[in-house]
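Visitor: I like labels that come with their criteria. Can we walk through some?

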Amino acid sequence: MTFPDSVSRLTRQLKVRNWRSPAVQLAVAVLLLLGACYYMIQVQPLLGTAGTGVPGLTSHQNDYKHIYLGSRMLARGDSPYDPEALLREAGLYAATEDARFRTILPYVYPPFTGWALRPLTALPFAWSAAAFQVVNHLLVLGGLLLAVRLALVRSWLLAAGVTLLLTAFNHALLRQNNAGQLNAVLLAGFALLYAGVRRGWPAPVLGGLTAFLMLFKLSPGIFLIWFLLRREWARAVWTAAAAVILTAGMVTLYGVRNHLDFIPVLQDMGYGQSTWAEFGHTFWRDQGNVSPNATFHRLFVEPEGSAFTPWTNLGHGAANVMTWAVSLLVFFGFAFGTESGRLRRRLEAPFALAICTSLLLPSILWDHYLVQLLLPLVLLAACALRTARPAVPLGLLAFSAVIVCVPLPLGAEAFSSGPGLLVQSLKLLPVLICYGLALWFVFAPETDVEGRHGET
């Protein structure tokens, strides 16, 4: 019996209504165990009171701090893109509300992001951070469960088990929630977009959802290009129209100045550059940044004050040229794979390819961004199970999932020079593997014709 047949048989067993079935009892027991692990590993470390009685106060919320202040500043007409104004606001909050505001990072998101999170940021910070953590947990679990159920298995019990297995032991997810980042929103949004494309939702709905995601954080804009490459003209037009309408609404609400102030921030996030460089920030080579650009800078650039000893010092220009070359290859592969996927009526592989591309192209790829990679892992596992020999791709996907989930001591001295520098970028490897497998599955022959999902 092949592995896909075994999975199908287990799925059929778990669909029986007899709850005394050994297969069902085993599935429920495993589900409860994984749920307990999820609570102990993902939820419990983020809970605490520190004398306030407010859950979530013990997490540092480094990213949510500037998101919170930026949203509140926009709401009252101030610009969060002005470093002095944001630092002054943080100092006030550190003195009157929460000591965690003694340090603050720049607000690097469009004004739309602040508007979207305004209901949460209207709360006092401790309560807002706790509420955002709850929302993040629900979005990750709900979005991933939806994708697993649609793409991988037909049993809700088995889908819940796969979801908890991917999230319970996931250090990237713990980092995401501890920092108060936005990856959970993107993961859930991508899962809804996948469900909508697969189920043939109306173009205005898909366009509105895509526009929301690309204005919430720019990287999902890859799906506007994806629609164009797949010649899904109505979806592309509705995405562009919704983005224009939403942007016009934001300009009316927050003014032209705040939107113009975002442009220099966007420029500062280019290859080899950093926002708040005047304050000593070097995001283009920070150890948590595993992007191709950061990797090339750590390997081939020796800036003053660096904690790394590069293999050789070729300079910023060479590192950026290498990055542009890789980015062009990545984008070409994305375009070629998306167009070929359209011709072959494939959905899962091209969709996973788009998410991987959105992670590889920017100058920053923090390790907690890999929460977004959970969806490609699920979609590509579904592709693997439809091929004649799934063992090798499933092994690569399992290896990738392990690298995503395990913590790495990136600050260790052993990883600051020589071959150890490659360990600094080890978390980039799962993205590259998924990108390569997505391209492969666009062309790989499938044994399960019913599993194919063409354009709708």
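Visitor: What makes the span of helix H16 close to the expected one?

Guide: H16 covers residues 316–343, which is 28 residues. Its first and last C-alpha lie 41 Å apart, against 40 Å expected at 1.5 Å a residue. The expected span is 1.5 Å times one less than the number of residues. Helices here are DSSP runs of H or I, at least four residues, numbered from the N terminus. After H16 comes Arg345, with a positive phi near 55 degrees.

Visitor: What are the ground rules?

Guide: This is a predicted model, where local features need pLDDT of at least 70, side-chain atom pairs count only at pLDDT 80 or more, and totals for chains, interfaces and linings use all residues. Residues are numbered from 1 along each chain as its sequence is written, and side-chain values use heavy atoms, with hydrogens and water left out.

Visitor: Why is Thr210 called buried?

Guide: Buried means under 20% relative accessible area, exposed over 50%, partly exposed in between (1.4 Å probe, protein chains only). Thr210 has 1%, so it is buried. Its place is in helix H11, residues 203–216. Beyond four places in sequence, Thr210 touches Leu193, Phe223, Leu224, Phe227 and Thr239. Contact means heavy atoms within 4.5 Å.

Visitor: Why does Tyr39 count as partly exposed?

Guide: Tyr39 has 41% relative accessibility, so it counts as partly exposed. Tyr39 sits in helix H2, residues 22–43.

Visitor: Which residues touch the most other members of the largest nonpolar core?

Guide: Phe223, Trp226 and Phe351, in a core of 111 residues. A nonpolar core is a set of buried Ala, Val, Leu, Ile, Met, Phe, Trp, Tyr and Cys residues joined through side-chain atoms within 4.5 Å. A second, separate core of 7 residues includes Phe296 and Leu299.

Visitor: Is Gln61 buried or exposed?

Guide: Gln61 has 0% relative accessibility, so it counts as buried. Gln61 is not a glycine, yet its phi is positive, about 55 degrees.

Notes
Helices (H or I, at least four residues) and strands (E, at least two) are DSSP runs, numbered from the N terminus.
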